[in-house]
Amino acid sequence: MEISISELQKMTSPNPFVLITSGEGENSNIMALSWWTFVSNKPPMLAICLSKKGYTHELIDDTGEFGVHVIGTRLREKAMKCGQCSGRSTDKIKEFDFLMRDAEKISTKLISEYTAALECRVVSKIEVSDHLLYTAEILKIHRGSDTGQLFAWEGYRYLDTIPKRQDSE
Ligand SMILES: Cc1cc2nc3c(=O)[nH]c(=O)nc-3n(C[C@H](O)[C@H](O)[C@H](O)COP(=O)(O)O)c2cc1C
């Protein structure tokens, strides 16, 4: 029996979820992202996969930098909205009332609320058919006051946590 790529993506979810900040000044943006992974420890690096249709890759190409935010349930609704409209036509920071803070090593701002926030600088960009794969060095890792991590379930359908095993402490 053959299944489609979207059925497979639902079957293999959940995927770890993050919010990406990009751009600077008036052109700052936030997007929802579940296609990411660590790719190196020394130096610490990660990879993100961005649709060519979105706005975020244009902003990242301008600055060579972006922020990555692991978030808990408090930002769940706002995070979902960031995945349902484009920064090309919506000022998501203003519209969804995000509080922002300066980063230390990059010009792109970070979201103020997070479990962890990463400052990243692009190392390489590879065109992969309808997506763009960026690898980036993690320049700084901030631990925030939030706890927990959201995952994307059933593809992009909803965000939720994964319960810890009772005996995992
Ligand atoms: C849960 C969830 C996960 C998503 N993961 C990705 C992803 O990994 N890569 C991607 O390009 N788009 C992903 N999206 C879709 C983008 O967030 C969406 O297209 C967004 O409008 C892009 O915003 P932008 O145009 O401001 O960059 C995801 C959306 C949701 C709701």
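Trainee: In what order do the 3 strands of the open sheet stand, and is the pairing parallel or antiparallel?

Mentor: This is a predicted model, in which local features need pLDDT of at least 70 and side-chain atom pairs count only at pLDDT 80 or more, while totals for chains, interfaces and linings use all residues. Residues are numbered from 1 along each chain as its sequence is written. Strands are DSSP runs of E with at least two residues, helices are runs of H or I with at least four, both numbered from the N terminus, and two strands pair if DSSP finds at least two bridges between them. On that basis the 3 strands form an open sheet in the order β1-β11-β12, and the pairing is antiparallel.

Trainee: Which strands stand at the edges of that sheet?

Mentor: Each edge strand has a single partner strand, so one side of each is left without a neighbour in the sheet. The strands at the edges are β1 (15-16) and β12 (158-160).

Trainee: Which residue of β11 is the bridge partner of P16?

Mentor: β1 and β11 (residues 151-153) run antiparallel and are joined by 2 bridges. In β11, the bridge partner of P16 is F151.

Trainee: Which residues of helix α2 are buried?

Mentor: A residue counts as buried if 20 or more other C-beta atoms, placed from the backbone, lie within 10 Å of its own. In α2 (residues 56-63), the buried residues are T56, H57, L59 and I60.

Trainee: Why are they on the same side of α2?

Mentor: The arc is taken from the directions from the helix axis to the C-beta atoms. They lie on the same side of α2 because they cover an arc of only 160° around the axis.

Key. A residue is buried if 20 or more other C-beta atoms lie within 10 Å of its own, exposed if 12 or fewer, and partly exposed in between; C-beta atoms are placed from the backbone.
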